[in-house]
There are 2 protein chains.
Amino acid sequence: MPREKYREIYVDLKEKIEQGDYKESDMIPSENILSKEYQCTRNTIRRAIRELIHRGYVQSVHGKGVQVIYHPIEQAHFTVGGIESFAESARRNKKKPGTAVMQFAELTVDDRMSRRTGFHEGAEVYYIQRVRSLDDVPLIYDINVFLKSETPGLNETIANSSIYKYLEDDLGMQITTSNRIITAELATPIDTKYLALDDYDFVCVITGRTFNSKGIQFEYTQSRHRPDYFSFQDTAVRTKYEDG
Amino acid sequence: MPREKYREIYVDLKEKIEQGDYKESDMIPSENILSKEYQCTRNTIRRAIRELIHRGYVQSVHGKGVQVIYHPIEQAHFTVGGIESFAESARRNKKKPGTAVMQFAELTVDDRMSRRTGFHEGAEVYYIQRVRSLDDVPLIYDINVFLKSETPGLNETIANSSIYKYLEDDLGMQITTSNRIITAELATPIDTKYLALDDYDFVCVITGRTFNSKGIQFEYTQSRHRPDYFSFQDTAVRTKYEDG
DNA sequence: ATACCACACTTGTTTAAACAAGTCAAGAGA
DNA sequence: TCTCTTGACTTGTTTAAACAAGTGTGGTAT
């Protein structure tokens, strides 16, 4: 459970917005009022509000207040966003997750793979391919490359359930940053073979590198999704003036 | 030009990273050292670093320091990310932008459109369809809906160049937050007709709502991209503990 | 009525300081 | 040699206060 004040306040306000206590276009109470309510300084309130802004819940307006802009999205898709494991996403989307390991290999990174994954040449890695299903329909083809030195003891059994759960609970690793690129590509024969693509001849692809709290990139991932079950959510905040 | 200290520091550090003064996996100087260098308090330094973290340039490691994780991406695609106008993106991707207005209409939001766009029923809007080209190849089909009351004076001539430029420079509007969803869809006959899709029968779609600094949603957008010219970049930072 | 100004609010930026907590290396003690 | 502790560093959280700047209201003088 969160022990940090700003996080408690953030979660509290977030739930109030999601439950409709504060409705879209409403102003939430001012920072001064909230700091009295939550028994803390304005700084701590501002930090909680900052998180809400970054997640697209509210929008601050100079001189006026902080306005709710949260709009629940239609859940026709399987929505991806933030840093989540497949199991977590599945649960949030209220679908039953399933996993089948297609390949589990241990290999050494060569020149070409190094450029693609960001791992150093010569690094020892686990190379895993898995098919993920939602409500028993195979919809996602996952290719994972894990740095062995940071993920010791990884094996096929673990790959069959949840690798992230193993990393976080058993190895005590903390996942922090994820750089991702979203594209769409023509389906490969492998996609067509293993996924229920129906009539689709293309897939949505998330390619990304993930870092742990020690600042080490421990993962490279490529997730190939059936398009009608994929949507990626994002909130961008424009900081004043250009970025350069 | 930025007058805020934290922004000057942010831009300065960002450029040092992009130019390779601080290389990947390097630690940048500690917050205390930087605060002396830049003649400010640690708080201001932390704020600049926070921005770098959110844009995927660095990663802070508790007790150790702040590490560079920036990795220049391969520019095979047309990369979208952050809040940018089409003209800005084109310039950043070093391509010549072009625009053709297919439709410019003024209409009133009805029930169905309200659910899709987030505008109130009965609101007066501009409805615009445009084909965007990069280096003279038509690659993006843009559908924009602008709230008339917030974007007065919009016309076909402006739509032909840069609407965002008009809003920011002439109307003095500040664009702040953008909620977007990225998906891929089968190409419609319109896509096929107006875009150079080559053999592709699908498009990448960015759907989004944009807010100005007054907290008013003034735009709804749908951008349909040729897939091989599209990539969406994202950095996610996992805040400790679950979001609820 | 209208234009203007003062005032009470709001959020935005910056400084300052204290303490918590994680890392790492050097040195003491076995 | 090995283990453990200490201390100096790092980032993380919170408090406190001052001033800047934008918004809106209400009153006053025209």
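View 1. Chain A of the predicted model is divided into domain 1, covering residues 5–68, and domain 2, covering residues 79–232. Between the centres of domain 1 of chain A and domain 2 of chain A, taken over C-alpha atoms, the separation is 34 Å.

**View 2. Helices H1 and H3 of chain A at their crossing.** Helix H1 of chain A spans residues 5–18 and helix H3 of chain A spans residues 42–54, and their axes come within 8 Å of each other while crossing at roughly 50 degrees. H1(A) and H3(A) are therefore oblique to each other, and their crossing is right-handed. On the H1(A) side the contact is made by Lys5(A), Tyr6(A), Ile9(A), Tyr10(A), Leu13(A) and Lys14(A), and on the H3(A) side by Thr44(A), Ile45(A), Arg47(A), Ala48(A), Glu51(A) and Leu52(A). Sorted by class, the residues of this contact between H1(A) and H3(A) comprise 7 nonpolar, 1 polar and 4 charged.

**View 3. Helices H1 and H3 of chain B at their crossing.** In chain B, H1(B) packs against H3(B) at an angle of about 50 degrees, and the two axes are 8 Å apart. That angle makes H1(B) oblique to H3(B), and H1(B) passes H3(B) in a right-handed crossing. The residues that H1(B) brings to the contact are Lys5(B), Tyr6(B), Ile9(B), Tyr10(B), Leu13(B) and Lys14(B), which meet Thr44(B), Ile45(B), Arg47(B), Ala48(B), Glu51(B) and Leu52(B) in H3(B). The contact of H1(B) with H3(B) is made up of 7 nonpolar, 1 polar and 4 charged residues.

View 4. Chain B contains an open sheet of 3 strands in the order S1-S3-S2, with antiparallel pairing. The edge strands of this sheet are strand S1 (27–28) and S2 of chain B, each of which pairs on one side only. S2(B) is joined by 4 bridges to strand S3 of chain B, residues 65–68, and S2(B) and S3(B) run antiparallel. Within this part of the view, Val58(B) stands opposite Val68(B) in S3(B). Helix H3 of chain B, residues 42–54, lies across S2 and S3 of chain B and runs at about 120 degrees to S2(B).

**View 5. The side of chain B that touches chain A.** Where the two chains meet, 47 residues of chain B are in contact with 46 residues of chain A. The elements of chain B that give two or more residues to this side are helix H1 (5–18), strand S2 (58–61), strand S8 (175–186), strand S9 (202–212) and strand S11 (231–237). S8(B) supplies the largest share of the side of chain B that touches chain A, namely 11 residues. By class, this side of chain B has 19 nonpolar, 19 polar and 9 charged residues.

View 6. An open sheet of 8 strands has the order S5(A)-S6(A)-S7(A)-S10(A)-S9(A)-S8(A)-S11(B)-S4(B), and its pairing is mixed. Its edge strands are strand S5 (97–108) of chain A and strand S4 (79–80) of chain B, and each pairs on one side only. Where the sheet passes from one chain to the other, strand S8 of chain A, residues 175–186, is joined to S11(B) by 6 bridges, with the two strands running antiparallel. At this pairing, Ser178(A) stands opposite Ala236(B) in S11(B). Elsewhere in the sheet, strand S7 of chain A, residues 137–147, and strand S10 of chain A, residues 217–225, run antiparallel and are joined by 7 bridges. Here Asp142(A) stands opposite Ser223(A) in S10(A).

Conventions:
Residues numbered from 1 in each chain as written. Chains lettered and ligands numbered in written order. Predicted model: local features only at pLDDT ≥ 70, side-chain atom pairs only at ≥ 80, totals over all residues. Domains from an automatic or database assignment. Axes fitted to C-alpha atoms, helices over the stretch in contact; angles between N-to-C directions. Parallel < 35°, antiparallel > 145°, perpendicular 65-115°, else oblique. Left-handed = near helix turned anticlockwise from the far one by under 90°. Contact = placed C-beta atoms within 7 Å. Nonpolar A, V, L, I, M, F, W, Y, C, P; charged D, E, K, R; others polar. Pairing = 2+ DSSP bridges.
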